[in-house]
Amino acid sequence: MKIGEKVLNILYPRCCPVCHRILKDQNALVCPECAGKPRLVREPRCMKCGRPVKEEEEYCRECAAGKRKFTGGRSIYLYDELMKSSLLKYKYFGRREYGDFFGAVMSHYAGEEIRRWKPDVIFPIPLHKKKKRVRGFNQSEYLAGKVGKAWGIPVETEILLKVKKTGSQKKLDAACRRKNLEKAFFVTEPLNGLTILLIDDVFTTGSTIDAAAAVLRAAGAGKVYFLTLCTGIQ
Ligand SMILES: [Zn+2]
Ligand SMILES: [Zn+2]
């Protein structure tokens with residue numbers, strides 16, 4: 001640990017992303033007793049988006065409809081109450097250090113997929129410029145940085161842009177979400193068949209990832225995969 005980091009840890013002690021208490025070991029990313037508490041997404045998983053499905057199902061409802069624009073993807077944890085409150089603190093209440101744990105978890109558990117997908121470049125799901133300024137950082141960009149560093153994959157933040165504010169999507173149904181996301185993304189240069197890995201914090205219906213993937217494909221991308229920390233429960 002660098003001297004600067006040590007001083008910062010005294011002024012702003014790092015907290016555990018699970019119990020939110022100050023970490024006894026300031027070099028750790030999580031308390032040892034908390035590390036196993038977030039629930040991993042286990043088999044059976046949707047063969048396309050990796051969400052949990054019932055034993056007899058190959059695909060989730062949305063993927064079975066066959067309209068996905070992304071090639072495939074997966075998420076690490078279930079988006080339950082524990083992860084909701086952890087991500088809330090990470091995104092809005094200054095617990096940026098939680099991103100170090102999240103990024104490490106994503107790099108570790110998605111290792112098999114990343115090796116198989118062989119992405120040429122990572123794009124974090126962008127925030128609109130104004131939103132990023134208000135929030136102070138893009139939570140997905142931070143995670144992308146961690147995964148990119150762990151796997152030696154370049155991270156590009158200036159090619160896939162969010163050009164239209166979409167507001168909160170929470171209260172919209174899938175059709176409205178899709179409509180709301182139309183033209184929300186913009187790609188600044190041709191992608192010439194590149195394999196792209198999109199990184200975001202949460203995959204719910206997948207409408208955001210789908211909208212981004214559609215724009216990337218239109219710009220010439222080859223395969224478009226995604227990796228998110230959490231996934232919604234159907
Ligand atoms: Zn803890
Ligand atoms: Zn699916």
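Tutor: We begin with a definition: donors are N, O and S atoms within 2.8 Å of the metal. The model is predicted.

Student: How are the donor residues of the zinc ion (ligand 1) spaced in sequence?

Tutor: The zinc ion (ligand 1) is coordinated at 2.3 Å by the SG atoms of Cys16, Cys19, Cys31 and Cys34. Written along the sequence, the spacing of these donor residues is C-x2-C-x11-C-x2-C.

Student: Which geometry does the site of the zinc ion (ligand 1) have, with its 4 donor atoms?

Tutor: Four donors count as tetrahedral if all angles lie between 85 and 135 degrees. Around the zinc ion (ligand 1), the angles among the 4 donor atoms run from 99 to 117 degrees. The site is therefore tetrahedral.

Student: Is Cys34 buried or exposed?

Tutor: Buried means under 20% relative accessible area. Cys19, at 23% relative accessibility, counts as partly exposed. Cys34 has a relative accessibility of 2%, so Cys34 counts as buried.

Student: What kind of aromatic pair do Tyr90 and Tyr142 form?

Tutor: The count of aromatic pairs comes to 10. For Tyr90 and Tyr142, the distance is 6.4 Å centre to centre, with 65 degrees between the planes. Planes over 60 degrees apart count as edge-to-face, so the pair of Tyr90 and Tyr142 is edge-to-face.

Student: How many residues apart in sequence are the parts that this pair ties together?

Tutor: Tyr90 lies in helix α3, and Tyr142 lies in helix α7 (residues 139-151). Tyr90 is buried at 0% relative accessibility, while Tyr142 is partly exposed at 25%. The parts tied together by the pair are 52 residues apart.

Student: Why is the pair of Phe203 and Phe226 stacked?

Tutor: Phe203 is in strand β5 (residues 196-203) and Phe226 in strand β6 (residues 224-231). Phe203 is buried at 1% relative accessibility, and Phe226 is buried at 0%. Their ring centres are 4.5 Å apart, and the pair is stacked because the planes are at 5 degrees.

Student: Which residues form one aromatic cluster?

Tutor: Tyr90 and Tyr142, the edge-to-face pair, both belong to this cluster.

Student: What accessible area does the nonpolar patch on the surface have together?

Tutor: The patch is formed by Leu88, Tyr92 and Phe93. Tyr92 is found in helix α3 (residues 81-92) and is partly exposed, with a relative accessible area of 47%. Together the residues of the patch have an accessible area of about 350 Å².

Technical notes:
Residues numbered from 1 in each chain as written. Chains lettered and ligands numbered in written order. Predicted model: local features only at pLDDT ≥ 70, side-chain atom pairs only at ≥ 80, totals over all residues. Heavy atoms only, no water. Donors = N, O, S within 2.8 Å, 3.2 Å for Na, K, Ca; no water. Tetrahedral: all angles 85-135°; square planar, octahedral: opposite > 155°, others 65-115°. Buried < 20%, exposed > 50% of the residue type's maximum accessible area, 1.4 Å probe, protein only. Patch = residues over 30% accessible without salt bridge, like charges linked within 9 Å, V, L, I, M, F, W, Y side chains within 5 Å. Areas by Shrake-Rupley, 256 points an atom, 1.4 Å probe, with all protein chains shown as cover. Salt bridge = Lys/Arg side-chain N within 4 Å of Asp/Glu carboxyl O. Helix = DSSP H or I, 4+ residues; strand = E, 2+ residues; numbered from the N terminus. Phe/Tyr/Trp six-rings, centres within 6.5 Å; stacked < 30°, edge-to-face > 60°.
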